[in-house]
Amino acid sequence: CMLEKVLSSSLEDYLECVYNRINANGSVKAVEISKELNVSRASVTEALNKLAQKEYINYGRYEMISMTDSGIQKAKEIINKHNVLQFFFKDVLGIEKQEAAQTACKIEHIIDENILERLADFNKHCVSEPEFMQRFKK
């Protein structure tokens, strides 16, 4: 059932963190996720169990955390949303990097796919026409 695959914004953050950590270090531990997301170990365990139930990760009490193919695909979708939004805020609108990243993180969870695609197209247009992009920066 597709509905069961829908992730809350916090589970998306966990999945994104797991993906980024595995990509950077080859592995990830629950304690690292706890520190990065500033949440309790119990919260991490609960989230990892939910992600495992949805078949986005492989996780058992004493096992290494690994990602499934659908988990990798979902994480890449989340990261792409974040990158499109952050580019728009930072590079098109000239918003400071940290504020752009924080705002992108909030919006990535709720933005409609159609709007995201149009924003990505707008970003591409801006890259191909730098003088056009300069009009939006303060």
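**Entry 1: Asn 38**

I looked up Asn 38 and found it exposed, with a relative accessible area of 71%. Exposed means over 50% relative accessible area, buried means under 20%, and partly exposed is in between (1.4 Å probe, protein chains only). This is a predicted model, where local features need pLDDT of at least 70, side-chain atom pairs count only at pLDDT 80 or more, and totals for chains, interfaces and linings use all residues. Residues are numbered from 1 along each chain as its sequence is written, and side-chain values use heavy atoms, with hydrogens and water left out.

Where does Asn 38 sit? I found Asn 38 in the loop between α2 (30–37) and α3. Helices here are DSSP runs of H or I with at least four residues, strands are runs of E with at least two, and numbering starts at the N terminus.

I then checked the backbone. The phi of Asn 38 is near 55°, a positive value in a residue other than glycine. Most residues other than glycine have a negative phi.

I moved on to Glu 55. Its phi is positive too, at about 65°, although Glu 55 is not a glycine. Glu 55 lies in the loop between α3 and β1 (57–58). Is Glu 55 buried or exposed? Glu 55 is exposed, with a relative accessible area of 53%.

Lys 54 also has its place in the loop between α3 and β1. I noted Lys 54 as partly exposed, at 21% relative accessible area. The C-alpha atoms of Lys 54 and Leu 7 are 9.0 Å apart, and 47 residues separate the two along the chain.

**Entry 2: Glu 63**

I found Glu 63 in the loop between β1 and β2 (66–67). Glu 63 is exposed, with a relative accessible area of 53%.

**Entry 3: the whole chain**

How many helices and strands does the chain have? I listed seven helices and two strands. From the N terminus on, the order is α-α-α-β-β-α-α-α-α.

The C-alpha trace spans about 55 × 35 × 25 Å along its principal axes. Of the 138 residues, 36% count as buried. The chain exposes about 8,800 Å², and carbon and sulfur atoms supply 51% of that area. These areas come from the Shrake-Rupley method with a 1.4 Å probe.

I also looked at contacts (heavy atoms within 4.5 Å). Among contacts between residues at least 6 apart in sequence, 57% join residues at least 24 apart.

Two packed helices are described by the angle between their axes and the distance between the axes. Axes are lines fitted to C-alpha atoms, for helices over the stretch in contact, and angles run from 0 to 180 degrees between N-to-C directions.

I took α1 (residues 9–25) and α3 (residues 41–53). Their axes come within 10 Å and cross at roughly 90°. The two helices are therefore roughly perpendicular to each other. The cut-offs are under 35 degrees for roughly parallel, over 145 for roughly antiparallel, 65 to 115 for roughly perpendicular, and oblique for the rest.

On the α1 side, Leu 11, Tyr 14, Leu 15 and Val 18 make the contact. On the α3 side, I noted Ser 43, Val 44, Ala 47, Leu 48, Lys 50 and Leu 51. By class, this contact has eight nonpolar, one polar and one charged residues. Nonpolar covers Ala, Val, Leu, Ile, Met, Phe, Trp, Tyr, Cys and Pro; charged covers Asp, Glu, Lys and Arg; the others, Gly among them, are polar.

**Entry 4: α1 with α4**

I checked α4 (residues 69–92) next. α1 and α4 pack at an angle of about 105°, with their axes 9 Å apart. They are therefore roughly perpendicular to each other. Residues in the contact include Glu 16 and Tyr 19 of α1, and Ile 72 and His 82 of α4. The contact has six nonpolar, three polar and four charged residues.

His 82 has its place in helix α4. It counts as buried, at 12% relative accessibility. Leaving out residues up to four places away in sequence, His 82 touches Glu 16, Ala 101, Ala 104, Cys 105 and Glu 108.

**Entry 5: the cysteines**

How many disulfides are there, taking a disulfide as a pair of cysteine sulfur atoms within 2.5 Å? I counted zero. For Cys 17, the nearest cysteine sulfur is that of Cys 105, 11 Å away. Cys 17 is buried, with a relative accessible area of 3%. Cys 105 is in no disulfide. It is partly exposed, at 27%.

How values were computed:
Disulfide = S-S within 2.5 Å.
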